[in-house]
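Welcome, and please take a look at the model below.

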Amino acid sequence: MGKAQKNPSERRRVGLLFDERMCKHKQPGGNHPENPKRIRAIWNNLNASGLLQRCVILNAKEAEDDHLALVHSKEHIDLIKTISSKNLKAMRKRANKYNSIYFNEGSSEAAYLAAGFVIEATEQVAKGELDSAFAIVSPPGHHAEEAQPMGFCLFNNVAIATSVILNEKPELGINKILIVDWDVHHGNSTQKIFYRDPRVLVFSVHRHDSGRFYPEGNDGSYDMMGEGLGAGYNINVPWENGGVGDADYFAVWDHILIPVAREFESDMIIISAGFDAAIGDPIGGCCLSTYGYSIMLYKLLEFARGKIVMTLEGGYNPVSLAKSTQACIETLLGDKPPIRSLEDLSLEPTWSLI
């Protein structure tokens with residue numbers, strides 16, 4: 001069944017951010033899963049599908065150190081700022097000190113651009129200049145901790161943008177933000193940064209596998225719920241196995257996320273949009289379809305007056321990544337997802353988890 005189109009005059013203003021300079025960040029002499037093919041595949045597909053012409057293409061600048069410092073230590077900022085000026089041997093030696101990290105001559109610029117783009121997207125939506133936005137960025141961010149890079153991530157782009165809006169832009173009237181992290185990996189850093197902050201509700205659905213799935217450990221378990229004033233404002237939904245698909249995610253949305261979002265009444269939603277739970281991803285081992293992603297997003301549009309900012313995290317199959325991103329942007333534009341019957345039932349462990 002084809003997608004129902006809205007009247008052109010009712011179409012939502014959706015911003016897109018992308019810059020070829022981020023493609024300079026790539027593993028020296030290697031074939032790392034976090035590589036420029038990912039964001040190029042997204043952009044080329046959006047161009048071929050005609051969606052670029054329906055969106056507002058934004059320009060942005062590199063993030064400022066003062067904004068980065070809302071989340072990261074000075075030592076960490078200095079590391080990322082200067083690492084690309086080192087020789088290759090020095091970069092490799094430093095990268096080996098961290099968990100799943102590489103550096104090259106393009107890493108510093110790409111990291112500053114990625115953070116700056118997510119800040120710009122969030123500000124434009126907060127101001128009402130755009131209804132929503134998608135920042136197609138590399139490197140991703142949700143693993144990057146206060147004082148060290150981690151898990152392909154150099155700066156925590158979403159946490160930085162959230163902190164800028166809440167702490168530096170009170171005139172925009174954004175007082176509460178819901179962060180939805182649907183990357184297949186737990187957003188360990190985002191959780192830690194806002195663990196005591198009741199202004200930010202962090203919701204993460206991810207593979208956990210009893211703490212054996214990256215980033216490993218207990219941080220992604222369901223009993224990590226926040227501390228102090230932030231108690232109850234951190235919600236983890238940890239899958240204990242792979243193979244989960246549309247029906248499982250829909251059940252979690254309908255029985256956990258949607259009721260929570262309705263009660264929290266956020267002024268904005270920021271999605272850490274990893275697409276590594278998609279069918280065919282070489283890392284995630286899950287079965288989310290493009291339809292699944294579009295429905296998950298569609299269900300969130302009723303909240304925060306539709307003020308949604310999406311920023312790319314993981315996703316390592318260029319085809320499923322590009323198609324899933326396309327489905328989400330179509331949804332942001334107001335195209336209704338097709339009506340489908342869901343033949344597969346959610347797995348029994350999902351109901352036990354809920």
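## An exposed loop residue

I339 is exposed, because its relative accessible area is 67% (over 50% is exposed, under 20% buried and in between partly exposed, with a 1.4 Å probe and protein chains only). I339 lies in the loop between helix 10 (318-332) and helix 11 (348-353). Helices here are DSSP runs of H or I with at least four residues, strands are E runs of at least two, and both are numbered from the N terminus. The C-alpha atom of I339 is separated by 9.5 Å from that of Y291, although the two are 48 residues apart along the chain.

A word on the basis: this is a predicted model, in which local features need pLDDT of at least 70 and side-chain atom pairs count only at pLDDT 80 or more, while totals for chains, interfaces and linings use all residues. Residues are numbered from 1 along each chain as its sequence is written, and side-chain values use heavy atoms, with hydrogens and water left out.

## Helix 8 and helix 9

The axes of helix 8 (residues 246-264) and helix 9 (residues 290-300) come within 10 Å and cross at roughly 10 degrees; axes are lines fitted to C-alpha atoms, for helices over the stretch in contact, and angles run from 0 to 180 degrees between N-to-C directions. Helix 8 and helix 9 are therefore roughly parallel to each other (under 35 degrees; over 145 is roughly antiparallel, 65 to 115 roughly perpendicular and the rest oblique).

From helix 8, D246, Y249, F250, W253, D254, L257 and I258 meet Y291, G292, I295, M296, K299 and L300 of helix 9, where contact means heavy atoms within 4.5 Å. By residue type, this contact has nine nonpolar, one polar and three charged members. Ala, Val, Leu, Ile, Met, Phe, Trp, Tyr, Cys and Pro count as nonpolar, Asp, Glu, Lys and Arg as charged, and the others, Gly among them, as polar.

## Helix 5 and its neighbours

Helix 5 (residues 107-127) packs with helix 6 (residues 157-168) at an angle of about 45 degrees, their axes 9 Å apart. That makes helix 5 oblique to helix 6. On the helix 5 side, the contact is made by A111, A114, A115, V118, I119, T122, E123 and A126, and on the helix 6 side by N157, V158, I160, A161, V164 and I165. These residues divide into 11 nonpolar, two polar and one charged.

S107 also belongs to helix 5, and at 0% relative accessibility S107 counts as buried. Leaving aside residues up to four places away in sequence, S107 touches H25, S84, Y102 and L154.

## Cysteines without partners

How many disulfides does a search of the whole structure find? The search finds zero disulfides, a disulfide being a pair of cysteine sulfur atoms within 2.5 Å.

For C23, the closest cysteine sulfur is in C153, 17 Å away and too far for a bond. C23 counts as buried at 4% relative accessibility. C328 is in no disulfide either, the nearest cysteine sulfur being that of C55 at 12 Å. C328 counts as buried too, at 0% relative accessibility.
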